[in-house]
Amino acid sequence: MESKRCFPNRFDDYKGSLPAWQCKDRVAPLVTSTIDRILKEVLPLGEGAAAAAAASGPGCCQGGLYGGVAYMLYHVAQCPLFAPARDTYLRAARQLVDACVRYEEEDWSEPLGLPDYVRPLGRFRELAEMCAPVTFLECGSDELFVGRAGYLCAALVLKQKLGVEVLTQAQIRSICQAMLESGKQYSARKRKPFPLMYSYYGTEYLGAAHGLSSILQMLLSYYDYLESADQELIWQCVDFLMDQEQNCNWPPELGEMIERENELVHWFHGAPGIAYLFAKAYLVSKKSQYLDTCIRCGELTWQKGLLKKGPGICHGVAGSAYVFLLLYRLTGNSKYIYRAQRLAFMALNSCLYEGFSGTVCFLVDLLQPSQAEFPLFSVFV
């Protein structure tokens with residue numbers, strides 16, 4: 001039965017050589033033209049519109065739009081191929097960021113002992129106290145988008161980009177312990193046969209967006225901050241999640257059975273997002289079973305990754321293609337560059353890319369695969 005969510009993948013698989021079409025010649029002009037179109041749409045909105053959107057609170061999608069575009073511009077500016085436009089892109093990114101934060105008039109105290117360019121991040125550090133209580137959010141305190149996993153993920157990004165640890169060791173340990181205690185309490189309360197489990201709005205999600213996999217991934221990212229007993233609990237849960245695999249995929253929530261004609265295969269839910277947990281597990285433990293699981297995620301993504309929702313990284317083709325850039329960095333196998341290029345080729349021919357900042361990040365990473373990583377979700381830190 002034909003899938004409701006993806007196009008059939010009719011590409012031949014890798015036969016030892018990359019496509020004849022020149023990735024750089026095809027992709028670089030598309031990146032530039034797409035950025036031009038995006039900037040024509042967002043910059044005329046002006047600082048007042050951006051500040052108003054930001055002032056509406058975290059639920060305002062426009063504020064998120066400006067932040068996503070700003071990160072995309074920063075990411076492209078780091079690529080040597082776009083050096084002539086670097087200053088232009090960085091100025092535009094700064095304009096968008098400044099517009100989003102200017103509405104805040106409070107004078108936050110600055111942390112001492114950090115370089116000048118890090119001091120404004122005192123606001124970020126102060127959030128550690130807010131999210132340290134075990135149940136600081138009624139909807140679920142630990143998931144990636146609004147919970148502690150997301151906070152730790154942001155701290156990883158800042159460490160990677162700035163070269164310093166923005167949070168103190170005590171703050172990191174406090175957040176990790178809160179995540180562990182939250183998972184222990186929920187698992188015990190629900191009588192789960194494994195030591196850590198979480199829910200978001202009452203649903204026991206497994207995927208990267210709201211679920212167990214990204215929470216475990218963030219805990220593994222701070223593995224050295226954990227006691228050995230807690231490390232063992234995490235490995236038990238990683239292995240438990242590996243056992244929930246159904247034909248190279250995972251259901252959105254615990255206990256579901258996957259309907260093959262309607263299964264979810266994208267970063268948000270399913271193998272393309274859960275792959276990052278097993279990549280991190282492999283990098284920390286060096287155990288082959290985790291790399292093997294990650295590779296199986298890639299095989300399913302090759303079969304069902306030409307998603308009908310479009311080119312985006314969350315539910316779309318670029319999110320699928322990022323799995324192959326991840327596998328290339330883990331294995332060095334050029335087969336995965338081929339697969340990423342093929343998915344990009346499909347989207348290029350369909351003219352799907354206008355207005356998608358995450359997809360532009362993917363196209364730039366396709367030009368530099370040895371440095372590629374899913375935006376703001378690296379396993380290599």
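**Entry 1: H1 and H14**

I began with helix H1 (residues 23-42) and H14, which pack at an angle of about 155° with their axes 10 Å apart; axes here are lines fitted to C-alpha atoms, for helices over the stretch in contact, and angles run from 0 to 180 degrees between N-to-C directions. That angle makes H1 roughly antiparallel to H14, because angles over 145 degrees count as roughly antiparallel, under 35 as roughly parallel, 65 to 115 as roughly perpendicular and the rest as oblique. I noted that H1 passes H14 in a left-handed crossing, a term used if the near helix is turned anticlockwise from the far one by less than a right angle, and right-handed if clockwise. Residues of H1 including Val-27, Leu-30, Val-31 and Ile-38 meet residues of H14 including Val-360, Leu-363 and Leu-367, where contact means heavy atoms within 4.5 Å.

I must remember that this is a predicted model, in which local features need pLDDT of at least 70 and side-chain atom pairs count only at pLDDT 80 or more, while totals for chains, interfaces and linings use all residues. Residues are numbered from 1 along each chain as its sequence is written, and side-chain values use heavy atoms, with hydrogens and water left out.

**Entry 2: the whole chain**

I looked up the secondary structure, which comes to 14 helices and 0 strands; helices (H or I, at least four residues) and strands (E, at least two) are DSSP runs, numbered from the N terminus. Of the 381 residues of the protein, 54% count as buried, meaning under 20% relative accessible area, with exposed being over 50% and partly exposed in between (1.4 Å probe, protein chains only). Of the contacts with a separation of 6 or more, 67% come from residues 24 or more positions apart.

**Entry 3: H10 and H12**

I then turned to helix H10 (residues 271-285) and helix H12 (residues 317-331), which pack at an angle of about 15° with their axes 10 Å apart. That makes H10 roughly parallel to H12, and the crossing of these two helices is left-handed. On the H10 side Pro-272, Ala-275, Tyr-276, Ala-279, Tyr-282 and Leu-283 take part, and they meet Tyr-322, Val-323, Leu-326 and Leu-330 in H12. An α-helix has 3.6 residues a turn, so residues three or four places apart point the same way.

**Entry 4: H6**

What span should helix H6 (residues 148-162) have at 1.5 Å a residue? Its 15 residues should span 21 Å, and its end C-alpha atoms are 21 Å apart, which agrees; the expected span is 1.5 Å times one less than the number of residues. Among the buried residues of H6 are Tyr-151, Leu-152, Leu-156 and Leu-158, and the buried residues of this helix pack against helix H5 (122-131), H7 and H8. H6 is followed by Gly-163, whose phi is positive, near 80°.

**Entry 5: Leu-343**

I found Leu-343 in helix H13 (residues 334-350), where it counts as buried at 2% relative accessibility. Not counting residues up to four places away in sequence, Leu-343 touches Trp-302, Gly-305, Leu-306, Val-317, Ser-320, Ala-321 and Phe-324. The C-alpha atoms of Leu-343 and Pro-311, 32 residues apart along the chain, are separated by 9.6 Å.

**Entry 6: positive phi outside glycine**

I checked Arg-191, a residue other than glycine whose phi is positive, near 55°. Arg-191 is found in the loop between helix H7 (169-189) and helix H8 (212-221), and it is exposed, with a relative accessible area of 77%. Leu-376 likewise has a positive phi, near 60°; Leu-376 is found in the segment after helix H14 (357-367) and counts as partly exposed at 40% relative accessibility.
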